[in-house]
Amino acid sequence: MGSYHNPTRREFLKTASAAIAVPYVITSSALGNADRPPASDRIVMGGIGIGNMGRGDLGAFLGRGDVQYVAVCDVRTNDRNAAKGRVDEHYKNGDCTAYNDFRELLARTDIDAVHVATPDHWHAIMVIEACRHGKDVYCQKPESRTLREGPLMIDAARRYSR
């Protein structure tokens with residue numbers, strides 16, 4: 001049997017203070033409200049290729065209360081910066097991170113899903129890598145450029161349960 005530890009007055013006050021402070025540490029946005037679900041019910045998302053068609057996808061995802069957009073990636077500086085600004089303006093903060101290299105975005109462990117709206121010849125590479133990194137994927141059509149790429153993407157989605 002373990003021995004019983006009789007807490008000191010100081011230990012008791014420290015524990016009680018922590019218990020009282022917890023509701024003030026958890027933000028209201030984490031708990032959700034009528035306009036926004038709690039953080040545990042939101043999809044944390046990043047976008048790869050956010051110019052042209054990706055710009056429309058970004059707007060659609062920002063319009064969803066169950067999506068929290070945290071990162072954008074595009075090789076074109078103007079499109080990348082404009083998308084970051086749009087996300088930051090939407091959430092009224094500066095938390096969105098902009099990437100030039102899609103591999104840096106995929107390496108983030110806090111992102112649940114990505115949308116891929118790059119030129120068609122990049123779709124297969126990015127979808128397979130996203131699946132390999134444990135991300136769910138929304139991809140612009142056409143999904144693949146060749147007959148060989150489609151089954152490779154399907155295999156990756158199945159192998160990594162995406």
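**Exercise 1. How many aromatic pairs does the structure hold?**

The structure is a predicted model, in which local features need pLDDT of at least 70, side-chain atom pairs count only at pLDDT 80 or more, and totals for chains, interfaces and linings use all residues. Residues are numbered from 1 along each chain as its sequence is written, and side-chain values use heavy atoms, with hydrogens and water left out.

Solution. 

Step 1. Rings of Phe, Tyr and Trp (its six-membered ring) pair if their centres lie within 6.5 Å; planes under 30 degrees apart count as stacked, over 60 as edge-to-face and the rest as tilted. The structure holds two aromatic pairs.

Step 2. The ring centres of Phe 61 and Tyr 138 lie 5.6 Å apart and the planes stand at 85°, so this pair is edge-to-face. Helices (H or I, at least four residues) and strands (E, at least two) are DSSP runs, numbered from the N terminus. The pair links distant parts of the chain, with Phe 61 in helix α3 (residues 53-62) and Tyr 138 in strand β5 (residues 136-139), 77 residues apart.

Step 3. Buried means under 20% relative accessible area, exposed over 50%, and partly exposed in between (1.4 Å probe, protein chains only). Phe 61 has 15% relative accessibility and therefore counts as buried, whereas Tyr 138, at 39%, is partly exposed.

Step 4. Phe 102 and Trp 122 form an edge-to-face pair, 6.3 Å centre to centre with 65° between the planes. Phe 102 belongs to helix α5 and Trp 122 to the loop between β4 (113-116) and α6, 20 residues apart. Phe 102 is buried, with a relative accessible area of 10%; Trp 122 is partly exposed, at 34%.

**Exercise 2. Determine which residues lie closest to the centre of the largest pocket, and describe its lining.**

Solution. 

Step 1. On a 1 Å grid over the protein atoms alone, a pocket is an open set of points where a 1.4 Å probe fits, with protein on both sides within 12 Å along at least five of seven lines; lining residues have an atom within 4 Å of a point.

Step 2. Of the 22 lining residues, Gly 49, Val 75, Thr 118, Pro 119 and Trp 122 are the closest to the centre of the largest pocket. The elements that give two or more residues to this lining are α5 (102-106) and α6 (123-132).

Step 3. The lining divides into nine nonpolar, seven polar and six charged residues. Here Ala, Val, Leu, Ile, Met, Phe, Trp, Tyr, Cys and Pro count as nonpolar, Asp, Glu, Lys and Arg as charged, and the others, Gly among them, as polar.

**Exercise 3. Identify the residues linked in a network of salt bridges.**

Solution. 

Step 1. Side chains of opposite charge can pair when their charged atoms come close. A salt bridge is a side-chain nitrogen of Lys or Arg within 4 Å of a carboxyl oxygen of Asp or Glu. A search of the whole structure finds nine salt bridges.

Step 2. Arg 76 forms a salt bridge with Asp 74, with the closest N and O atoms 3.3 Å apart. Arg 76 also meets Asp 79 in a salt bridge, at 2.9 Å from N to O. The network links Arg 55, Asp 74, Arg 76 and Asp 79.

Step 3. Asp 74 is buried, at 5% relative accessible area, and Asp 79 is buried, at 17%. Arg 76 is partly exposed, at 38%.

Step 4. Asp 101 and Arg 103 meet in a salt bridge of 2.7 Å, N to O. Arg 103 is exposed, with a relative accessible area of 53%.

**Exercise 4. Is His 115 buried or exposed? State also what covers the buried residues of α6.**

Solution. 

Step 1. His 115 lies in strand β4 and is buried, at 0% relative accessibility.

Step 2. Contact means heavy atoms within 4.5 Å. Not counting residues up to four places away in sequence, His 115 touches residues including Gly 49, Asp 57, Phe 61 and Tyr 138.

Step 3. In α6 the buried residues are His 123, Ala 124, Met 126, Val 127, Ala 130 and Cys 131. What covers them includes β1 (43-48), α5, β4, β5 and α7 (149-159).

Step 4. Gly 134 follows α6 and has a positive phi, near 80°.
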